[in-house]
Amino acid sequence: MLSEEDLNIPPYSLLKNEKSDFLNKRLISLTKLHYEKCPEYKKILDSLSFDVNKITDYTQIPFLPVRLFKQYELRSVPKEDVVKTLTSSGTTGQQVSRIFLDKSTSAAQSKVLAKIVSSFLGKQRVPMLILDTSAVIKDRTMFSARGAGILGFSIFGTDRLYALDEEMKLNVDAIKKFLEKHEGETIFLFGFTFMIWQHFYKELKTNGYTPDLSNGILIHGGGWKKLVSEAVSPEDFKKALNEVCGIKHVYDYYGMVEQTGTIYVECDYGHLHTSLFSDVICRRPKDFSVCNYGEEGIIEVTSVLPESYPGHVLLTEDTGVVLGEDDCPCGRKGKYFKINGRIKNAEIRGCSDTYAAKF
């Protein structure tokens with residue numbers, strides 16, 4: 001369990017050795033907890049002849065493939081302690097991951113997300129324009145990664161407006177009134193990459209409405225697969241949005257429902273950053289050894305948050321490169337990296353990409 005003292009450490013402040021000590025203590029402790037409390041996790045580690053009492057470094061902890069959460073109910077708490085079940089995004093016919101949260105894990109996720117995002121937005125809550133529809137969050141006890149993302153980020157908004165109606169049409173009149181009401185204020189915009197492109201940018205281009213969002217800060221995520229196929233690069237995306245609404249601050253983020261809370265946000269230099277509460281390791285496909293900086297590998301993600309399920313060390317289906325550590329020009333400490341794409345033949349996965357599959 002993270003202490004209040006842990007949560008008070010600024011998320012990008014610890015140097016490599018200090019952060020390694022922090023992660024070692026918590027990730028080794030979580031491994032022992034899940035080994036004791038989750039029968040399936042115990043079977044996996046036993047089958048590998050892995051001794052949880054001999055871990056000296058968190059990079060030695062066996063990873064679980066993220067796809068495992070589609071095939072098994074992995075819980076480290078009794079069923080009656082589960083207060084929320086998150087499901088991953090999935091195209092029609094795909095199995096979805098199911099992530100079981102108890103009260104303390106859910107609370108820790110919210111607190112850490114707030115720490116990470118406030119380092120980009122500031123600590124003051126601001127008016128929020130959600131570039132999606134409210135229809136996606138109808139069932140609070142069991143909802144998708146897309147709904148969880150919207151609700152998670154909504155804590156940063158004072159006055160919140162959904163920019164799209166239930167038919168995914170842009171509500172221009174409501175947006176005009178919202179921006180008039182908050183003229184001169186910082187506006188926080190949140191949404192998923194393809195939906196922003198399809199239902200916000202393209203609609204603004206079509207109807208000629210050019211809202212002034214020069215005071216806006218947009219955080220977006222959920223996959224680039226569809227936009228890459230349309231030959232839209234991250235630079236094109238930012239430039240296009242700037243042209244239609246004047247927005248200057250656009251930050252992508254990388255994250256997944258299996259490790260909600262510990263997201264990786266892009267800085268002004270275009271680098272995704274690990275926070276104090278998480279880490280990224282690139283592994284070579286041939287033997288899963290750790291890649292050097294600048295060497296492409298399969299992305300492993302670690303998080304100190306998952307207590308109610310064994311999701312603390314996971315192998316994704318994404319490839320990427322760790323670019324460096326503690327020396328990003330933005331000043332944030334910790335590893336910084338980029339995502340290159342999906343492993344060949346991996347399922348479509350991000351909120352943005354699974355939605356885009358309909359088009």
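**Exercise 1. Which residues does Phe190 touch, leaving out those up to four places away in sequence?**

Solution. 
Step 1. Work on the predicted model. Count a contact where heavy atoms lie within 4.5 Å.
Step 2. List the partners of Phe190: Met128, Leu129, Ile130, Leu131, Gly149, Ile150, Phe153, Leu218, Ile219 and Tyr253.
Step 3. The largest nonpolar core has 104 residues. Phe190 is one of those that touch the most other members, together with Leu129, Phe153, Phe188, Phe200, Leu218 and Phe237.

**Exercise 2. Classify the aromatic pair of Phe22 and Phe277.**

Solution. 
Step 1. Find the total: the structure holds 17 aromatic pairs.
Step 2. Take the geometry of Phe22 and Phe277. The centres are 6.3 Å apart, with 75° between the planes.
Step 3. Apply the cut-off. Planes over 60 degrees apart count as edge-to-face, so Phe22 and Phe277 form an edge-to-face pair.
Step 4. Locate the partners. Phe22 is in helix α2 (residues 16-37), and Phe277 is in the loop between β11 (272-273) and β12 (278-283). The pair therefore ties together parts 255 residues apart in sequence.
Step 5. Check burial. Phe22 is buried at 6% relative accessible area. Phe277 is buried too, at 0%.

**Exercise 3. Which charged residues sit over the rings of Phe22 and Tyr209?**

Solution. 
Step 1. Start with Phe22. The charged end of Arg26 sits over this ring, 3.9 Å from its centre.
Step 2. Turn to Tyr209. Lys176 lies over its face, 5.2 Å from the ring centre.

Key:
Residues numbered from 1 in each chain as written. Predicted model: local features only at pLDDT ≥ 70, side-chain atom pairs only at ≥ 80, totals over all residues. Heavy atoms only, no water. Phe/Tyr/Trp six-rings, centres within 6.5 Å; stacked < 30°, edge-to-face > 60°. Helix = DSSP H or I, 4+ residues; strand = E, 2+ residues; numbered from the N terminus. Buried < 20%, exposed > 50% of the residue type's maximum accessible area, 1.4 Å probe, protein only. Lys NZ or Arg CZ within 6 Å of the ring centre and 35° of its normal. Core = buried A, V, L, I, M, F, W, Y, C linked by side-chain atoms within 4.5 Å.
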